[in-house]
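Subject: Structure handover

Hello,

Here is the structure I promised to pass on. Please open it alongside this note.

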Amino acid sequence: SGSVNPNGIAFYNLLINTLLEHGIEPWVTLFHWDLPEPLYKNHGGWLDQNHTVNAFAEYARICFEAYGDRVKRWITINEAWTVAV
């Protein structure tokens, strides 16, 4: 239930633009071992199939809207097999 951090959006916009300016295609990983602590402490992390999954879907939507005009390659979860075990 957090809010979007405009400084975070601006940081990644600058990073993506800089990569593209240098001919580097950005590949974005949406989850790379950085689940917000309240989702883990208050909802059990990925074991909560409603709250955490819905929060992740909203996060992904925000990222797609903010960066999708320039990012064409998305990785949903880094090393998904380790999260699923």
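Below is what was found in it, from the overall layout down to single residues.

First, the ground rules. This is a predicted model, in which local features need pLDDT of at least 70 and side-chain atom pairs count only at pLDDT 80 or more, while totals for chains, interfaces and linings use all residues. Residues are numbered from 1 along each chain as its sequence is written, and side-chain values use heavy atoms, with hydrogens and water left out.

**Overall layout**

The protein has 4 helices and 2 strands. Both kinds of element are DSSP runs numbered from the N terminus: helices are H or I with at least four residues, strands are E with at least two. Their order from the N terminus is α-β-α-α-β-α. The C-alpha trace spans about 40 × 30 × 15 Å along its principal axes.

Contact here means heavy atoms within 4.5 Å. Take the contacts between residues at least 6 apart in sequence: 67% of them join residues at least 24 apart.

The exposed surface comes to about 6,300 Å², and carbon and sulfur atoms supply 59% of it. Accessible areas come from the Shrake-Rupley method with a 1.4 Å probe; for residues, only the protein chains shown count as cover. Of the 85 residues, 20% are buried. Buried means under 20% relative accessible area, exposed means over 50%, and partly exposed is in between (1.4 Å probe, protein chains only).

**The core**

Which residues make up the largest nonpolar core? There are 10: Ile16, Val28, Leu30, Phe31, Phe56, Ala60, Cys63, Ala66, Tyr67 and Val71. Two elements give two or more residues to this core: strand 1 (27–31) and helix 3 (51–67). Helix 3 gives the most, with 5 residues. A nonpolar core is a set of buried Ala, Val, Leu, Ile, Met, Phe, Trp, Tyr and Cys residues joined through side-chain atoms within 4.5 Å.

Start with Leu30. Leaving aside its neighbours within four places in sequence, Leu30 is in contact with Phe56, Tyr59, Ala60, Cys63, Phe64, Trp74, Ile75 and Thr76.

Two of those partners deserve a look. Ala60 lies in helix 3. Ala60 counts as buried because its relative accessible area is 8%. Ile75 sits in strand 2. Its relative accessible area is 33%, so Ile75 is partly exposed. Setting aside neighbours within four places in sequence, Ile75 is in contact with Trp27, Val28, Thr29 and Leu30.

**Charges and salt bridges**

The protein has 5 positive and 9 negative side chains, and the centres of the two sets lie 4 Å apart. Lys and Arg count as positive, Asp and Glu as negative; His and the chain ends are not counted. The place of a charge is NZ of Lys, CZ of Arg, CG of Asp or CD of Glu.

How many salt bridges does the structure hold? It holds 5. A salt bridge is a side-chain nitrogen of Lys or Arg within 4 Å of a carboxyl oxygen of Asp or Glu.

- Glu25 pairs with Arg73, with the closest N and O atoms 3.1 Å apart. This pair links distant parts of the chain, 48 residues apart: Glu25 is in the loop between helix 1 (6–21) and strand 1, and Arg73 is in strand 2 (residues 73–77). Glu25 is partly exposed at 42% relative accessibility, and Arg73 is partly exposed at 40%.
- Glu37 and Lys41 meet at 2.9 Å, N to O. They are 4 residues apart in helix 2, so about one helical turn separates them. Glu37 is partly exposed at 49%, while Lys41 is exposed at 60%.
- Arg70 bonds with Asp69 in a salt bridge, the closest N and O atoms being 3.1 Å apart. Arg70 is buried at 18%, whereas Asp69 is exposed at 55%.
- Glu58, Arg61 and Glu65 are linked in a network of salt bridges.

Trp33 is found in the loop between strand 1 and helix 2 (37–43). Trp33 is partly exposed, at 48% relative accessibility.

Best wishes
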